[in-house]
Structure formats: C-alpha cells, structure tokens
Amino acid sequence: MDSVNRIRDDVAGLWSLVKGLKVTGTCFARDQVTVHYPRAQVDNLRTFRGPIELVESPDDPRRPRCIACMTCAGVCPHGCITVVRKKPAKMEKGTEKGGGSDKGEAKKKARKGPATFTYDYTRCCLCGFCVENCPVRSIRFSSRGYLAGIDKGAFVFDLLEKFGEEERSQKPEPGVTSPATAG
Amino acid sequence: MSYEFHRFFYLLIAVVATAAVVAVSALILIYLERKVAGHVQRRPGPFEVGPHGVLQTVADALKLMGKQPFRPDGADRLLFWLAPILAFAPALPLLLPIPFGPVLTGLEVNLGLILILAFSGINALALCMAGWGSNNKWALLGAARAVAQSVGYEIPLLMSVLSVAFMTGTLNLSKIVAYQGPWPWHWNIFTQPLAFLIYFVCAVAETNRAPFDLPEAESELTAGFHTEYSGMGFGLFFLAEYTNMLVVCSVATALFLGGWQAPFLPGFWWFLIKIYLLLLIIIWFRWTFPRLRFDQLLNLNWKWLLPLGLANLMGTALLMKIF
C-alpha cells in the first residue's frame with residue numbers, strides 16, 4: 001500500500017510542475033516591475049537613506065539648524081564629518097559685554113553655527129549615529145538615490161552649500177587654522 | 001563531374017550551412033534565453049546593445065573570442081584543451097541527418113537516428129575530460145555527475161526513440177517524417193504521447209539543462225566542469241550546450257511532431273517553428289523549476305523513466321505484432 005501511495009504522490013507532484021509553469025508564464029506576460037534607470041527613475045525615494053544633509057532652521061530657512069556643538073563629528077565612527085565653528089563677530093561681542101536692554105537681539109545675532117560643515121561620503125557607513133545624536137535635529141538622511149560620480153573628490157560634500165553665499169561668507173578669518181579650512 | 005565529386009561537394013555545402021545554422025541559432029537562443037529569463041523575473045533583460053539588446057550576444061561572443069586562453073597550473077594540457085573542442089565537434093554530424101525540409105537534408109542515411117545517438121554520447125566524454133583535466137575539485141565533481149547523468153538518461157531516451165522506430169519500421173529520419181501526416185492527429189505524438197514525454201524529459205537531462213543542470217550547478221559547484229574555462233574554451237562549451245538543445249529539439253520534431261509536415265506554410269518554416277517552440281519550452285523550464293538533488297535525479301531516471309519507457313516499448317512491440 002505504501003508504494004501505491006508513493007506513486008500517487010509522485011503523479012500528483014507532476015501537477016505542481018504545471019502549476020509552476022503557470023506561475024512563471026503569467027509573470028512573463030505581465031508588465032515589468034523594474035525601472036529602467038537612465039530612461040526612468042523611481043519616485044518612492046522618500047524613505048531612502050542617502051548621504052546626510054543639514055536641516056533648515058525653522059525661523060530662517062537660509063540658515064541651518066546646526067549649532068556647531070560637534071556632537072556629530074564626535075560620534076561619527078569613521079570621522080567623515082568635519083565641523084568648524086563660526087567665530088562670533090566682534091561687534092556682537094561688544095554688545096554682549098555692554099549688556100543691558102537689547103540682550104535678546106544680541107543673542108540672536110550671536111547665534112552659534114558652523115562656519116564649514118564638510119562631509120566625506122566615501123567614508124560614511126550610513127550608520128545614522130549623527131542623525132540620532134544631533135541635539136537640535138539638524139541632520140537627516142537625504143533621499144539622493146541616484147548619486148553617482150567618477151571621482152572620489154566628488155563625494156566630499158560641503159553641506160552648507162545649499163544655504164547659499166550668506167553662510168559661506170562668514171568663514172573664519174584667515175588667521176584661524178583648522179584642519180577643515182586647510183582642505 | 002563524377003557522382004562522387006558531386007556528393008562530396010553537396011556534403012561540404014551541407015557542413016558549412018550546418019555550421020552557419022549552429023552559430024546563428026546559438027546567438028538567437030542565448031538572446032532568447034536571457035530575454036525570457038528577464039521577463040519571467042519581470043525585468044527587461046539585455047537592453048543596451050542595439051535596439052532591445054539584440055546585439056548583446058554578438059558583443060559577448062566578441063568578448064569571449066578576445067580573451068586569453070588560460071590553463072590553470074597542474075591541469076592536464078592535452079585533456080584540458082581537447083575537451084571543449086570535443087564537446088563542440090559532434091555538433092555538425094549531429095545536425096547533418098536531420099530533415100529540415102522536404103529536400104533539405106544534409107546527409108541522407110539509413111541509420112540517421114543511430115548516428116545522432118552515437119555522436120551525442122561524445123558529449124559526456126568531453127565533460128568528463130574537462131572535469132578531469134581541470135585539476136579542480138568542483139570540475140571533477142561536475143564531471144562525475146555529468147557521466148552518471150548522461151549514461152543513466154540515455155537508456156530511457158533510447159527506448160522512447162525505439163518505440164517510434166518500431167512503429168515506423170525505419171531509423172531514417174526523413175522516412176519517419178514521411179510516415180507522419182500534415183495534421184497534428186497524424187503525428188507520432190498522438191500515438192506515442194508517453195514516449196514523447198519520456199524523450200523530452202531525457203532530452204532536457206541529456207543537454208544538462210535546468211532542472212537537470214547538476215554537472216554545472218552554479219550554487220553548488222561554481223560552474224561544475226567548466227569552472228576553470230574562460231574565453232573561447234568556455235565559449236565552445238556554451239555553444240555546444242545550445243547546439244545540443246537544437247539537436248534534441250530537431251530530433252523531437254522529426255520523431256514526434258511531424259517534422260516539416262504541416263499545412264499552409266512551406267515545410268522548412270514549420271520545422272523551424274516547431275523547433276523553436278520546443279526550445280522555448282526548455283528555456284521556460286529552466287526559469288521555472290529548481291534543480292533536482294542528485295538522488296532525486298537518479299531516482300527519477302531508474303524508478304520512473306526506465307520502467308515507463310520499457311513498458312511503452314513492450315506495449316508498442318505487442319501492438320505492432322498484433323495489428
């Protein structure tokens with residue numbers, strides 16, 4: 001009886017072969033699900049964890065939220081982030097010393113922020129420590145899914161670039177030396 | 001001009017034409033295979049070289065030809081280089097006795113079927129030599145599998161072919177085709193469906209195609225017997241595989257599907273259509289079925305195909321004797 005059952009099982013197994021052919025056959029006839037890259041791009045990159053970028057400040061979209069606290073540079077396991085603090089302007093210093101009535105305005109002018117924010121994507125492992133540890137949530141993953149280049153230098157990003165000339169003009173004075181400004 | 005010279009000239013043209021058919025159909029088949037694979041997996045397949053990637057195989061062939069022939073240290077020089085040539089060389093005699101059309105037969109011989117079966121046996125020897133000569137454990141395992149598989153599956157294949165030969169009373173492929181009529185119910189598949197099934201399964205196994213591609217199982221043996229081959233050495237094995245597919249499908253068409261016999265179109269086109277339908281089915285198999293385990297492979301052969309083939313042969317013999 002056992003062998004009869006086995007033969008029956010084997011014959012029933014033949015039907016599964018036909019089923020398999022049907023599955024691949026219908027897939028063959030259906031539309032493609034892959035996107036043909038140079039000609040078309042996917043549009044669901046919202047959740048993509050691409051190279052990091054700086055978040056705009058809520059009250060001034062021309063400035064980053066970053067307060068140049070250096071936490072990101074510290075936690076980064078590969079040291080791909082180099083931040084240089086902005087030097088407080090002399091005038092602002094004076095007003096601070098004077099103290100008194102317009103303290104709030106002076107504070108606003110003396111806002112902390114980065115002078116340069118360099119990010120070496122070639123060394124980044126996208127671990128997200130900087131994103132998690134930023135106290136002001138100034139770093140997020142970008143959705144640049146189609147990033148490509150033929151040169152290693154092309155992947156060293158100046159993250160302040162998108163904030164325009166205003167931030168860049170406030171670079172530290174030539175006398176101040178730091179590894180980031182040397183490069 | 002003498003008769004001998006005429007015959008020799010005819011054969012020469014036939015051989016050259018066969019070689020051309022082999023080369024062109026290999027290009028088409030490889031393209032077809034990759035396109036089918038792509039579409040089954042719902043991606044486009046080759047697309048960049050030429051419109052819809054039609055020139056991809058040409059580019060690949062050029063690349064293979066341009067590569068340096070390379071022999072690993074410790075490999076047997078003679079066997080290593082002889083194997084790919086021996087794998088591909090039988091392709092031409094295999095296609096010669098096949099009737100591609102009413103008058104389109106390269107070599108009209110009485111024992112065409114025997115010729116094909118005999119020459120197709122060389123393939124196992126070539127794989128064995130490649131595996132042995134490569135000085136590589138995967139290649140050797142692949143060769144061992146190839147021999148066990150080819151020897152095993154040749155027997156039920158022979159039996160299914162024999163049952164057709166019993167019916168038609170000849171081993172000449174042209175006569176077997178002539179025995180069948182133009183409509184499907186005149187074909188041998190109608191009277192010998194089981195033999196066709198056995199033949200087709202064995203043919204897929206004989207050509208080492210998935211799901212019977214154990215000799216070159218990528219996931220287990222890297223590339224099996226051709227692990228150490230690159231450039232044209234690999235190219236010849238590749239070409240041999242597709243040529244063998246062409247041969248088994250041509251024989252299946254001639255034996256079971258009425259060969260060039262069919263209504264409306266000229267015979268040659270029908271033969272091509274039938275061959276390519278069978279080839280498409282084999283390609284479809286490859287992208288559907290997972291590879292068999294080795295014990296399953298041999299069980300299928302010795303416990304199913306062989307007894308069924310034997311029973312079919314006996315039944316055919318009995319019926320032929322009675323009627």
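Asp295(B) has a relative accessibility of 37%, so it counts as partly exposed. That label belongs to a scale: buried means under 20% relative accessible area, exposed means over 50%, and partly exposed is in between, with a 1.4 Å probe and protein chains only. Asp295(B) makes a salt bridge with Arg293(B), with 2.8 Å between the closest N and O atoms. A salt bridge here is a side-chain nitrogen of Lys or Arg within 4 Å of a carboxyl oxygen of Asp or Glu.

Before going on, a word on the source. This is a predicted model, where local features need pLDDT of at least 70 and side-chain atom pairs count only at pLDDT 80 or more, while totals for chains, interfaces and linings use all residues. Residues are numbered from 1 along each chain as its sequence is written, chains are lettered from A and ligands numbered from 1 in the order in which they are written, and side-chain values use heavy atoms, leaving out hydrogens and water.

How many salt bridges are there over all chains? The count is ten. One of them joins Glu33(B) and Arg286(B), at 3.5 Å between the closest N and O atoms. Glu33(B) is in helix H1 (residues 3-40) of chain B and Arg286(B) is in helix H13 (residues 267-286) of chain B, so this pair ties together parts 253 residues apart in sequence. Helices are DSSP runs of H or I with at least four residues, strands are runs of E with at least two, and both are numbered from the N terminus. Is Glu33(B) buried or exposed? Glu33(B) is buried, at 2% relative accessibility, whereas Arg286(B) is partly exposed at 24%. These two also belong to a network of salt bridges with Arg209(B) and Glu241(B).

In chain A, Glu53(A) and Arg140(A) meet in a salt bridge, 2.8 Å from N to O. Glu53(A) is in strand E1 (residues 52-54) and Arg140(A) in strand E4 (residues 139-141), 87 residues apart. Glu53(A) is partly exposed at 22% relative accessibility, and Arg140(A) is partly exposed at 32%.

Next, the rings. The structure holds 21 aromatic pairs over all chains. Rings of Phe, Tyr and Trp (its six-membered ring) pair if their centres lie within 6.5 Å; planes under 30 degrees apart are stacked, over 60 edge-to-face, and the rest tilted. Phe225(B) and Phe237(B) are edge-to-face, with 5.2 Å between centres and 70° between planes. Both Phe225(B) and Phe237(B) are buried. Phe238(B) and Tyr242(B) are also an edge-to-face pair, at 5.3 Å and 75°. They are four residues apart in helix H12 of chain B, which means a separation of about one helical turn. Phe238(B) is partly exposed at 26%, but Tyr242(B) is buried at 2%.

Last, the interface. Contact means heavy atoms within 4.5 Å, and the contact takes 15 residues from chain B and 18 residues from chain A. Buried area is the accessible area (1.4 Å probe) that two parts lose on being put together, summed over both. Between chain B and chain A it is about 1600 Å², with 65% from carbon and sulfur atoms. In chain B, His39(B), Arg42(B) and Trp304(B) lose the most area to chain A, together 41% of what that side buries. Which side chains meet in a salt bridge here? They are Glu48(B) and Arg39(A), at 3.2 Å from N to O, and the count between the two chains is one.
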